[in-house]
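Please look through the model below before reading on.

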Amino acid sequence: MSDALSIARDLIRCPSVTPADAGALGVIEALLKQADFDVHRITFGEPGTADVDNLYARIGKEAPHITFAGHTDVVPAGDESAWSHGAFAGEVRDGHLYGRGAVDMKGGIACSVAAVLDYLRNRGRPKGSISFLITGDEEDVSINGTIKLLQWAAARGETFDHCVLGEPSNVETLGDCIKVGRRGSQSGTLYVDGKQGHVAYPHRASNPVPDIARLITALGDEPLDHGSAQFQASNLEFTSVDVGNTASNVIPGQARARFNIRYNDCHSRESLRALVEARLAKAAGDRIRARIIWEPSNSDVFVIKPGPFTELAVAAIEQETGRKPELSTSGGTSDARFIAKYCPVIEFGLVGQTMHQTDERTPIADLEKLTRIYRGILERYFAP
């Protein structure tokens with residue numbers, strides 16, 4: 001079967017907890033090969049990371065070229081006994097499809113595959129090209145997935161004109177939101193060095209705990225910016241504080257605090273780091289010995305300016321749902337940050353309310369509507 005529900009159930013029944021594939025890409029590969037796509041399965045890896053399976057498939061050789069992107073890997077199910085229905089059973093109850101990945105994002109992939117197959121059956125090959133970029137490395141470190149699959153495609157001479165990424169972009173109801181950008185993400189650890197000593201003789205030590213508390217307050221008090229035309233204000237959030245001290249009678253020699261910054265287009269990664277470093281230096285003065293160790297990041301800020309492609313998508317969504325979606329840049333990161341370097345990309349998928357939760361589920365009616373929306377995008381995209 002090639003309807004969205006059947007495809008989604010087959011995908012959910014593959015327990016592809018990242019980075020395992022568990023047969024999920026094979027489900028897509030079989031369907032696309034039957035439709036005469038040129039299908040490639042590529043495994044990427046590098047030292048210190050798990051090998052990841054990826055899929056690229058294309059039909060057509062000419063422009064315009066639209067690609068549908070997504071990931072078949074999912075987060076762990078957690079306590080499977082807490083699920084009303086099996087986490088990887090693909091059960092249908094009361095008009096909903098249950099299972100890990102139903103929303104994020106096997107359901108979205110199923111809808112895009114179903115829409116493309118339906119278009120080809122009824123319209124034949126388009127005057128252009130349709131492809132799929134599917135990875136198994138989005139829910140983890142995102143090193144051996146989309147970023148390398150795009151590089152591999154570019155090395156083959158593949159070019160993309162536009163992309164639809166089927167992430168669960170909608171907030172409350174299908175049709176309320178298209179993601180047209182994402183904030184960047186940068187993590188780091190603040191270290192404050194003191195001098196270890198006995199708590200009964202504090203004059204012989206230098207306690208870093210009060211100092212790191214002052215610096216945490218100083219770095220968090222002043223806004224990084226006040227937002228931009230298409231983004232909310234950047235945000236620095238401390239996520240842990242630790243001294244590694246198991247003794248109550250010892251002043252620790254070092255304190256550290258981890259943080260993450262979600263930043264907008266007021267900053268580049270380099271200018272953001274420089275801003276935070278300058279504020280730290282000011283707050284630390286000549287007394288506190290403090291430094292930041294920045295973590296590597298591949299999550300840069302990006303935004304897609306409205307244009308004919310976004311207007312085309314809005315029209316398809318509005319026709320099916322009766323709603324004009326908001327063009328949003330809210331939320332976390334996604335593989336769109338990699339795709340945006342190759343072509344304009346929009347994110348539109350299912351409603352994300354239950355993603356990563358126990359009893360993740362989506363209404364079957366939404367699967368059907370999303371399939372029709374994708375079909376509507378294709379009709380408009382390849383219209384004479």
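Arg 58 has Ser 131 in strand 6 as its bridge partner. Helices (H or I, at least four residues) and strands (E, at least two) are DSSP runs, numbered from the N terminus. This is a predicted model, in which local features need pLDDT of at least 70 and side-chain atom pairs count only at pLDDT 80 or more, while totals for chains, interfaces and linings use all residues. Residues are numbered from 1 along each chain as its sequence is written, and side-chain values use heavy atoms, with hydrogens and water left out.

Strand 2 (residues 52-59) pairs with strand 6 in the antiparallel sense over 6 bridges; two strands pair if DSSP finds at least two bridges between them. Strand 3 (residues 65-71) is joined to strand 6 by 7 bridges, and these two run parallel. Here Thr 67 stands opposite Ser 131. Strands of a sheet pair through backbone hydrogen bonds, either parallel or antiparallel.

How many of the 7 residues of strand 6 are buried? The count is 7 of the 7, so strand 6 (residues 129-135) is largely enclosed by the rest of the structure. Buried means under 20% relative accessible area, exposed over 50%, and partly exposed in between (1.4 Å probe, protein chains only). In a regular strand the side chains alternate between the two faces of the sheet. In strand 6, Ser 129, Ser 131, Leu 133 and Thr 135 point one way, and Ile 130, Phe 132 and Ile 134 point the other way.

Another part of the model has an open sheet of 4 strands in the order 12-14-10-15, with antiparallel pairing. Strand 12 (235-242) and strand 15 (289-294) are at the edges with a single partner strand each, so one side of each has no neighbour in the sheet. From one strand to the next the twist averages 25 degrees. Strand 12 is joined to strand 14 (residues 254-263) by 7 bridges, and Val 241 stands opposite Ala 257 in strand 14.

Helix 5 (residues 208-221) lies across strands 10, 12, 14 and 15, at about 150 degrees to strand 10. Helix 6 (residues 269-284) also lies across strands 10, 12, 14 and 15, at about 165 degrees to strand 15. Axes are lines fitted to C-alpha atoms, for helices over the stretch in contact (heavy atoms within 4.5 Å), and angles run from 0 to 180 degrees between N-to-C directions.

Finally, Glu 167 is found in the loop between strand 7 (162-165) and strand 8 (177-179).
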